[in-house]
Amino acid sequence: MEIRKDSGIMKWILIGISFLFLGVFLLLPLFYIIATAFRDGIGGYLVAVTDEYAIKAALLTLKATLISVLINTFFGLAAAWCLTKFAFKGKKILSTFIDLPVTVSPIIAGLIYVLTFGRQGILYKYLDPYGIQIIFAVPGIVLATIFVTFPFISRELIPVLTAQGTDEEEAAALMGAKTFTIFRKVTLPHIKWALLYGVVLCTARAMGEFGAVSVLSGHLRGKTNTLPLYIELLYQGYDFTGAFAASSILVIMAIIILILRLLLQNKGKREV
Amino acid sequence: MSEQIENAKSYVELKDINKHFRDFHASKDVNISIPKGKLVALLGPSGSGKTTILRMIAGLEHPDSGEIWIDGKKVNDVPGSERGVGFVFQSYALFRYMTVFENIAFGLRLKKTPENEIKEKVTELLKLISCEGLEKRYPSELSGGQRQRVAFARALAPNPQLLLLDEPFAAIDAKVRLELRTWLKEMITKLHITSIFVTHDQDEAIEVADEIIVTNQGRVEQSGSPQELYSRPATPFVAQFIGNSVPVKNFERFKHFERNDDDVTAILRPEFVSVFKEGEHVQYANSAEQAVVEDIIFRGSSLEIRFRLHENLISAYRSINEAPIEIGEKVNAFIYRMFVIKGEEISLVNNLSIKQESVII
């Protein structure tokens, strides 16, 4: 009895703390963003949102996100597959390296590419004659985004693939199924939800990436400015309405992703 | 030419197979020959290399050296899917996102079988495994026994010439296991398909298999019919592994057993021993030795009487219809025979009094 009464109090205290925390650190700032975005009225907001550079920045963000997510989906699948289905030398090292982007500061990630592809970089003299520009250009932004987001998909897949084992694949192979058929018919149905969940996380992270992209972009308005960079630019220029209006676009995109995530989680749970 | 004739006799043949997993020598000079139509058990303790042998026959593992022959063809370089084998995994490995129907149809679809034939074949197999009406279920909605049968049907669907089963009963509870054993034996006999199954359970192997191959530490110790293994074990390991055998110390102190050599050991099975109460009149009563009962285990149809003799805890069976014996009671024990091991040699030694009395009679 005593314990139950205790847990009753504890329960409410914990719930209270959680909500208070979320309120102060998340909802309040979110509300502040919206409030500031509409400070000059709906008209001011619309002007800021439909600004040519704002739209270009949003489109660039979407483009970089799309490319990175596509590439990382492929890479994540490949990495998760080889780490769970095969035994080979260097497996541990590969597994560790996949986690590297999570531990390394995004600024460093950006600098790595500047040092590799920049004017002083080792690859510059091979790429420049062909007119391939990586840093201070869109490819750099995409590279940086890929770098920071590449663990997300494989990390979602590895536990699921490990739990499944290789028996079903072996059974299919013994009946004469080719690798791609095995993947499509046996493996994919199993990892479908984890994969989609990974894609969602990867997308969310890719959209918001600031640090690494900031180093590589060169901040050319309308050309290499992604939404987060554009927001910072406006903010530095004391254009609070513009900055917060642009932020609200990012927030809306994030909320869409969040809802998708929730839907996927529920659907995935129901099927298992 | 002579090789072809040799292979014609046996359907599956392994010649001097060696297999390593890194530093672990999983198969050591394995030679196996399995005749067509037989149901064969690969029996051995865990880690003895029996599953490795099965997986090499299926093409799921590749030997480091040696040859694998199936149906008169060397299949070392033939992929598993073209060896004409059906494989039942220990975990069944049913495709969990496919219905029972789709699971069984999977192999047929890969062979581009026409839809009406698939339907016919799957229906026929479902009837064979008595799972009619379950075709729309998913594996997670089946009982353990049903899953096992579906796995069996799935392996059979593409008409394999050879059926391989990895610990087919390991994941099923005891009662269903006994039913399935009989069922599987009947099925395989009916279909007349050469089958090899892996097990660590000697009862299972003895009951189900026509022939047993005993493996230990990567080697094949002996192969033969259950009766042969039982009555004529070829190696000390087989003698100990088959039956409820116990090693015996102080062999020379047993009455009417002669020790001619110093470094011999002996193995005793409960059926080599009979136990009777003092005053009970039986044959060889004069040659029996006195012992005190330490433990009695009820085995359903019989009692296992455990007593200590010359520092050995020895078991004997006694019918429940005979006069009851109690723990602590003094009994007479007569030992008919023992397996005597010298190095790798093994021989069956009879109690000397048996010979003498038979001479008198």
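Predicted model: local features only at pLDDT ≥ 70, side-chain atom pairs only at ≥ 80, totals over all residues.
Two residues count as in contact here if their C-beta atoms, placed from the backbone, lie within 7 Å.

**Where the chains meet**

**Chain B as a whole**
- Chain B holds ten helices and 19 strands.
- Its C-alpha trace spans about 75 × 50 × 40 Å along the principal axes.
- Of the 361 residues in chain B, 39% are buried.
- Looking at contacts in chain B with a separation of 6 or more, 65% come from residues 24 or more positions apart.

**A sheet in chain B**
- Six strands of chain B make an open sheet in the order 6-7-8-3-9-10, and the pairing is mixed.
- Strand 6 (85-88) and strand 10 (219-224) of chain B sit at the edges, each pairing on one side only.
- From one strand to the next, the twist averages 15°.
- Strand 6 of chain B runs parallel to strand 7 (residues 162-166) of chain B, and four bridges join the two.
- To spot this pair, look for V85(B), which stands opposite L162(B) in strand 7 of chain B.
- Lying across strand 6 and strand 7 of chain B is helix 5 (residues 144-156) of chain B, which runs at about 165° to strand 6 of chain B.

- Helix 7 (residues 138-149) of chain A has twelve residues, so at 1.5 Å a residue it should span 16 Å; its end C-alpha atoms are 17 Å apart, which agrees.
- Ten of the twelve residues in helix 7 of chain A are buried, among them G140(A), F147(A) and T149(A).
- The cover over those buried residues includes helix 3 (52-85), helix 4 (91-103), helix 8 (151-164) and helix 10 (179-208) of chain A.

**Helix 10 of chain A: a kinked one**
- With 30 residues, helix 10 of chain A would reach 44 Å if straight at 1.5 Å a residue, but its end C-alpha atoms are only 36 Å apart.
- Helix 10 of chain A has a kink of about 65° at L188(A), shortly before the proline P189(A).

Methods. Residues numbered from 1 in each chain as written. Chains lettered and ligands numbered in written order. Expected span 1.5 Å × (residues − 1). Buried ≥ 20, exposed ≤ 12 C-beta atoms within 10 Å, placed from the backbone. Pairing = 2+ DSSP bridges. Axes fitted to C-alpha atoms, helices over the stretch in contact; angles between N-to-C directions. Bend = angle between axes of the 7 residues up to and from the residue.
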